[in-house]
Amino acid sequence: MMSLATRCGALSPYLQATKYTANGVLFSRVAKDLVPAAGANASAGIRLAHTDIKVPDFSDYRRPEVLDPHKSSRESGDGRKAFSYLITGATSVVGVYAAKTVVSQFVSSMSASADVLALSKIEIKLNEIPEGKNITFKWRGKPLFVRHRSEKEIAVEVAVNLGELRDPQHDNDRVLNPKWMIVIGVCTHLGCVPIANAGDFGGYYCPCHGSHYDASGRIRKGPAPLNLEVPFYEFPDDDTVIVG
Amino acid sequence: MAASVCRVGSTVGRALVKNRSPILLSLRRGQASVSYAQSLVGAPETRLTALDNGLRIASEETGHATCTVGLWIDAGSRYESEKNNGAGFFLEHMAFKGTKKHPQTALEQQVESIGAQLSAYTSREHTAYYMKALAKDLPKAVELLSEVVQNCSLSEEEIEQQRSVVLRELEEVEGNLQEVCLDLLYATAFQGTPLGHSILGPSSNARILSRQDLVEYISSHYKAPRMVLAAAGGVSHNELVSLAKTHFSGMSFEYEGDAIPVLSPCRFTGSEICMRDDAMPLAHVAIAVEGASTASPDIIPLMVANCIIGSYDITYGGGKHLSSRLARLAVEQNLCHSFQAFHSSYSDTGLLGIYFVTDKHHIEDMMHWSQNAWMNLCTTLTESDVARGKNALKASLVGQLNGTTPICDEIGRHVLSYGRRIPLAEWDARINAVTPKMVRDVCSKYIYDKCPAVSAVGPVEQLPDYNRIRSAMYWLRF
């Protein structure tokens, strides 16, 4: 432990005196020689002792609490650290969020482009579809049936007993507006396209294996297991429907 | 002046013989005469008196045939300003160059003829002039000391001659890289404050300090209330007091213009200074944090902590069985040539650190493991580490009092710092009270997540950037 005084490592002065009195003249000459060299141009490079090194004054960079050299820096320590950590923490949070945003933007650039997404919805003008008629549209690569049903058809479908259905669903659960029945025209058996206004139940008939669907698109006879699929659609106004 | 001292070899046992009964001694023939606990309690008391002018006199009568007597003064490089930095050191050189009553040769003659040894040292907060002589020569010693301190002749011609000696010494100390490294550590840790001054002072001051500066220094700082006349050895306290009355009553206790120099606190700055020179064979690196003051209760746990880290030198024979973990690592991975944990404390602050010497390829590793040792102190210290540290500390405290001079030095410094001598029994009790939790808490208070001051001399390219060093002062796992 260096608990004792720190003194320079040299021997005690009076021991040196005998060594140096003889050489006193020599050394004072040496000292004089050194003076002009160091004095003339300080940056010329001889530094006579490490004690000549002056630590520059960093006051321009100090925080206000540690500007005064006569005040202990210990008390303000916690405050200064807290400030630094707060700024660092906040910046990291913002940085992580920014990084996440950038990365997800780059990753999502690989998802479906706008033109593809545009194909995912279809807007249909309903006033062009006469009553009793079924119009087929191409939507997402599949046929979409839009049928303008008459009151008689609606009444019939609503009155069907659910017990007789293979895939029981009430007509009200399959349409938003009973006048318009919108289903995907893909037979749930093996995927052929049923023919409209055909079959024994006033709906659709699939010629491939003989599945009969009614005017609500429900399977009534034949091998198909499920009703025709009802896609998501909404009516922005009475004359248009957007499917998808 | 020859350095020969005829001091009769004297052991602690000798001092204790006086306190033990003969019967006990004969029963324990062949074994230690006293146990550690008994020796603590039986240690001679340090007596303290004060003169009217404020000078304190403290002595311990150890029964040696020799004695060390000296004056410890509350003056040092910390009391100096930029302009007179180095005055204390210069004055120390001038001290033995003759007094008003005894010119140099006469003074040397006086000291030589009683076979005594006159020495002095200057540190940052204390200055000491002391003499080692035979116990019976105490009166002469005190007289000479009083001459040296109060009536130094300070002749112009001597000053000029000593100037070149000081410059030569400054040049020489450049070769002592430990001193250079530690001086730079202080310069950067306490930058802008008086504690950053080197004791030696800059060479420019050594060239221009005049007699007037030295006289002013003496008159501002060599005042009776700031001095202690301390003695240890075969001295009688009463005799010492009467001698002091004779020689030191004239010591001044008033300041010019009532300007009592007051020490203002010194700001610690976490910072780094590197003196890179790839031509040097070894790098000397020191890292330190602000430590505890002498009077702080945290001193003891910190001293225990330093004993746990310990010190190491490539000449140690323990190899990988050394008790200090850092030393074991140093051996196994060839991390360094030497290291030591140090704690220098002053009246209101301190410097707690590790200093190591290593070659240029192991600086980074050594720094990493040193800071790892610090983190271990703050977080995962175990009962056995602390027990070992406590024992090592007790052993070193007792062991360093191996002679009248170390004892006298301790008396002088303690009275200046604490106002009394802290007896070994008290140190022992306070050390015993240290627990691992206390060490962890105290170390965390001073070390954990604090900005260190770093100084490095030599081929230090591998020294990590300061920000990395600062990041290693905490562990994310906690």
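Arg147(A) counts as buried because its relative accessibility is 1%, and buried residues are those under 20%. In this predicted model, Arg147(A) forms a salt bridge with Glu153(A), and the closest N and O atoms of the pair are 2.9 Å apart. Glu153(A) has a relative accessibility of 17%, so this residue also counts as buried.

**Salt bridges**

- Side chains of opposite charge can pair when their charged atoms come close.
- Over all chains, the count comes to 28 salt bridges.
- One of the pairs crosses between chains: it runs from Lys81(A), in helix H2 (residues 74–108) of chain A, to Asp449(B), in the loop between helix H18 (436–446) and strand E12 (453–458) of chain B.
- In the salt bridge of Lys81(A) with Asp449(B), the closest N and O atoms are 3.7 Å apart.
- Lys81(A) and Asp449(B) are both buried.
- Within chain B, the side chains of Glu426(B) and Arg420(B) meet in a salt bridge, with 2.8 Å from N to O.
- Glu426(B) is partly exposed because its relative accessible area is 23%.
- Arg420(B) has a relative accessibility of 36%, so Arg420(B) counts as partly exposed.
- In chain A, a network of salt bridges links Glu157(A), Glu164(A), Asp214(A), Arg218(A) and Arg220(A).

**Make-up of chain A**

- Chain A contains four helices and ten strands.
- Starting from the N terminus, the order of these elements in chain A is α-α-α-β-β-β-α-β-β-β-β-β-β-β.
- Chain A has 244 residues, of which 33% are buried.

- Strand E1 of chain A (residues 122–125) has a covered face with Ile122(A) and Ile124(A), and an uncovered face with Glu123(A) and Lys125(A).
- E1(A) runs antiparallel to strand E10 (residues 240–243) of chain A, and four bridges join the two strands.
- Lys125(A) has Thr240(A) as its bridge partner in E10(A).

**A negative patch on the surface of chain A**

- Four residues, Glu123(A), Asp237(A), Asp238(A) and Asp239(A), form a negative surface patch.
- Glu123(A) lies in strand E1 of chain A, and this residue counts as exposed because its relative accessibility is 53%.
- Asp239(A) is found in the loop between strand E9 (233–237) and E10 of chain A.
- Asp239(A) has a relative accessible area of 39%, so Asp239(A) is partly exposed.
- Asp239(A) and Gly191(A) are 48 residues apart along the chain, and their C-alpha atoms are separated by 30 Å.

**Helix H12 of chain B**

- Helix H12 of chain B (residues 299–309) is largely enclosed by the rest of the structure, because eleven of its eleven residues are buried.
- The buried residues of H12(B) include Ile299(B), Pro301(B), Met303(B), Asn306(B), Cys307(B) and Ile309(B).
- Gly310(B) follows H12(B) and has a positive phi, near 75°.

**Strand E10 of chain B and its neighbours**

- Six of the eight residues of strand E10 of chain B (residues 338–345) are buried, so this strand is largely enclosed by the rest of the structure.
- Strand E9 of chain B (residues 311–313) is joined to E10(B) by three bridges, and the two strands run antiparallel.
- Tyr312(B) has Phe339(B) as its bridge partner in E10(B).
- E10(B) is also joined to strand E11 of chain B (residues 350–358), by eight bridges, and this pair runs antiparallel.
- The bridge partner of Phe342(B) in E11(B) is Gly353(B).

Note on methods. Residues numbered from 1 in each chain as written. Chains lettered and ligands numbered in written order. Predicted model: local features only at pLDDT ≥ 70, side-chain atom pairs only at ≥ 80, totals over all residues. Heavy atoms only, no water. Buried < 20%, exposed > 50% of the residue type's maximum accessible area, 1.4 Å probe, protein only. Pairing = 2+ DSSP bridges. Patch = residues over 30% accessible without salt bridge, like charges linked within 9 Å, V, L, I, M, F, W, Y side chains within 5 Å. Areas by Shrake-Rupley, 256 points an atom, 1.4 Å probe, with all protein chains shown as cover. Lys, Arg positive; Asp, Glu negative; His and termini not counted. Charge placed at Lys NZ, Arg CZ, Asp CG, Glu CD.
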